[in-house]
Amino acid sequence: MEDLKVAQDVLSEVLSGRIPEWSVITLLATRMIGYCIMVAAAVTKVPQILAVIRNKSAEGLSVISFELELLGTALHMSYGYAHNLPISAYGEAIVMFIQSVVLNTAIYNYAKTPTIRPTVIYLAMGYGLAFVLR
């Protein structure tokens, strides 16, 4: 909501013929770039998810690399939340985390990974996030 107010303030100043302060312009620009990155992040893994599901195969994909990516996005997301950063600063991590969970689940399924491995990883990730987000 704060971002919307900043945008309205800038727009009202521009419409009244005044140039907004540089700090307000840069704040608005950085927030808008953050939201654009969030939108772009929403489609980054979709082709890979569709390919794995369509081919019903995880051949050539490293399970550990996708698990590490999941951990990285979880850390990024929880850091932003824990430090009360604006959603535009870490929102892409939320989107990427959700896509990584979907992709990891498909990889576990098609790579015939023993069920204990994803169970342990998802439980550890869940408890870790719950601890940070409490």
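# Exercises on a predicted helical model

Ala130 lies in helix H6 (helices are DSSP runs of H or I with at least four residues, strands runs of E with at least two, numbered from the N terminus). The model is predicted: local features need pLDDT of at least 70, side-chain atom pairs count only at pLDDT 80 or more, and totals for chains, interfaces and linings use all residues. Residues are numbered from 1 along each chain as its sequence is written, and side-chain values use heavy atoms, with hydrogens and water left out.

## Exercise 1: Confidence

Find the mean pLDDT of the protein, and the helices where confidence is lowest and highest.

Solution. 
- The score pLDDT is the predictor's confidence in each residue, from 0 to 100.
- The protein has a mean pLDDT of 86, and 99% of its residues reach 70 or more.
- Confidence is lowest in H1, with a mean of 76, and highest in H3, at 94.

## Exercise 2: Annotated regions

State which residues UniProt lists as "transmembrane region", and describe the chain over residues 87-108 and 115-133.

Solution. 
- The unreviewed UniProt entry lists residues 32-53, 87-108 and 115-133 under this name. Its positions are given in the numbering used here, feature names are shortened, and annotations may be inferred rather than shown by experiment.
- Residues 87-108 are 100% helix and 0% strand, with end C-alpha atoms 30 Å apart.
- Residues 115-133 are 95% helix and 0% strand, with end C-alpha atoms 27 Å apart.

## Exercise 3: Two positions

Classify Ala130 and Glu21 as buried, partly exposed or exposed.

Solution. 
- Buried means under 20% relative accessible area, exposed over 50%, and partly exposed in between (1.4 Å probe, protein chains only).
- Ala130 has a relative accessible area of 45%, so this residue is partly exposed. Its C-alpha atom is 20 Å from that of Arg117, 13 residues away along the chain.
- Glu21 sits in the loop between helix H1 (2-15) and helix H2 (22-41). Because its relative accessibility is 57%, Glu21 counts as exposed. Between the C-alpha atoms of Glu21 and Val10, eleven residues apart along the chain, the distance is 8.7 Å.

## Exercise 4: A buried serine

Determine which residues Ser100 touches, not counting those up to four places away in sequence.

Solution. 
- Ser100 lies in helix H5 and counts as buried at 2% relative accessibility.
- With contact defined as heavy atoms within 4.5 Å, Ser100 touches Lys45, Glu69, Leu70 and Thr73.

## Exercise 5: Nonpolar cores

Solution. 
- A nonpolar core is a set of buried Ala, Val, Leu, Ile, Met, Phe, Trp, Tyr and Cys residues joined through side-chain atoms within 4.5 Å.
- The largest core has ten residues: Ile49, Val52, Ala58, Val63, Phe66, Leu103, Ala106, Ile107, Tyr108 and Ile121.
- H5 gives the largest share, four residues.
- Apart from this core lies another, of seven residues, including Leu70, Ala74, Ala93 and Met125.

## Exercise 6: The aromatic pair

Classify the geometry of the Tyr108 and Tyr122 rings.

Solution. 
- Rings of Phe, Tyr and Trp (its six-membered ring) pair if their centres lie within 6.5 Å; planes under 30 degrees apart count as stacked, over 60 as edge-to-face and the rest as tilted.
- The count is one aromatic pair. The ring centres of Tyr108 and Tyr122 are 6.0 Å apart and the planes are at 75°, so the pair is edge-to-face.
- Tyr108 lies in helix H5 and Tyr122 in helix H6, so the pair ties together parts 14 residues apart in sequence.
- Tyr108 is buried at 6%, while Tyr122 is partly exposed at 27%.
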